[in-house]
Amino acid sequence: MRKLGRVEQVTRDGNLIIICETQEPSRIIGLPVYDEELRKIGKIVDVIGRVEEPRIVVKLENPEVASTVKPGTLYYYKPASEEKPRRGRRGRRR
């Protein structure tokens with residue numbers, strides 16, 4: 001698990017805007033997001049803002065959770081390299 005960042009605000013749609021604390025935020029789009037208790041809460045759908053101060057948009061799996069989120073809450077993500085390898089191979093044949 002790696003630190004994603006802290007919540008800046010919750011949108012009207014129930015998405016989280018997180019102040020990014022990771023390098024190269026564009027490479028983590030589509031990865032799952034976890035709370036402090038390591039429960040999966042959603043996934044990263046976009047990177048917005050200035051290059052120097054990017055923000056991450058997280059779409060929650062359960063929109064009702066948005067009402068309980070407090071600004072400053074820390075969230076994590078799991079890099080693709082730490083996920084379980086997929087079974088089988090696609091593509092090249094030998």
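Let's start with one side chain: that of Arg55 makes a polar contact with the side chain of Glu8 at 2.9 Å. A polar contact here is a pair of N or O atoms within 3.5 Å; within protein, one must be able to donate a hydrogen and the other to accept it, and residues adjacent in sequence count only if both atoms are side-chain atoms. The Arg55 side chain also reaches the backbone oxygen of Glu53, at 3.2 Å.

Before going on, a word on where these values come from. This is a predicted model, in which local features need pLDDT of at least 70 and side-chain atom pairs count only at pLDDT 80 or more, while totals for chains, interfaces and linings use all residues. Residues are numbered from 1 along each chain as its sequence is written, and side-chain values use heavy atoms, with hydrogens and water left out. As for pLDDT, the predictor's confidence in each residue from 0 to 100, the chain has a mean of 88, and 86% of its residues reach 70 or more. Among the elements of the chain, the lowest mean pLDDT, 94, belongs to E1, and the highest, 96, to E5.

Back to Arg55, which sits in strand E5 (residues 54–60). Strands (E, at least two residues) and helices (H or I, at least four) are DSSP runs numbered from the N terminus. With a relative accessible area of 18%, Arg55 is buried; the term means under 20%, whereas exposed means over 50% and partly exposed is in between (1.4 Å probe, protein chains only). Leaving aside neighbours within four places in sequence, Arg55 is in contact (heavy atoms within 4.5 Å) with Glu8, Ile17, Ile18, Ile19, Asp46, Val47 and Ile48.

Now for the wider fold. Six strands form a closed barrel in the order E1-E2-E5-E4-E3-E6, with antiparallel pairing. On average, neighbouring strands of this sheet are turned by 45 degrees against each other, direction ignored; axes are lines fitted to C-alpha atoms, for helices over the stretch in contact, and angles run from 0 to 180 degrees between N-to-C directions. Two strands pair if DSSP finds at least two bridges between them.

Arg6 has Ile19 of E2 as its bridge partner, Gly5 stands opposite Cys20, and Gln9 stands opposite Ile17. Five residues lie between the two strands of this hairpin, where Gly14 takes a positive phi near 90 degrees. E2 itself is mostly covered, as four of its five residues are buried. E2 also pairs with E5, again antiparallel, over four bridges, and there Ile18 stands opposite Ile56.

In soluble globular proteins, nonpolar side chains tend to be buried together.

Thr22 lies in the loop between E2 and strand E3 (32–34) and is buried, with a relative accessible area of 17%. Its side chain makes a polar contact with the side chain of Tyr77 at 3.1 Å, and, not counting residues up to four places away in sequence, Thr22 touches Lys3, Leu4, Ile28 and Tyr77. Glu36, in the loop between E3 and strand E4 (40–49), is exposed instead, with a relative accessible area of 52%. The C-alpha atoms of Glu36 and Tyr75 are separated by 6.3 Å, although these residues are 39 apart along the chain. Not counting residues up to four places away in sequence, Glu36 touches Leu74 and Tyr76.
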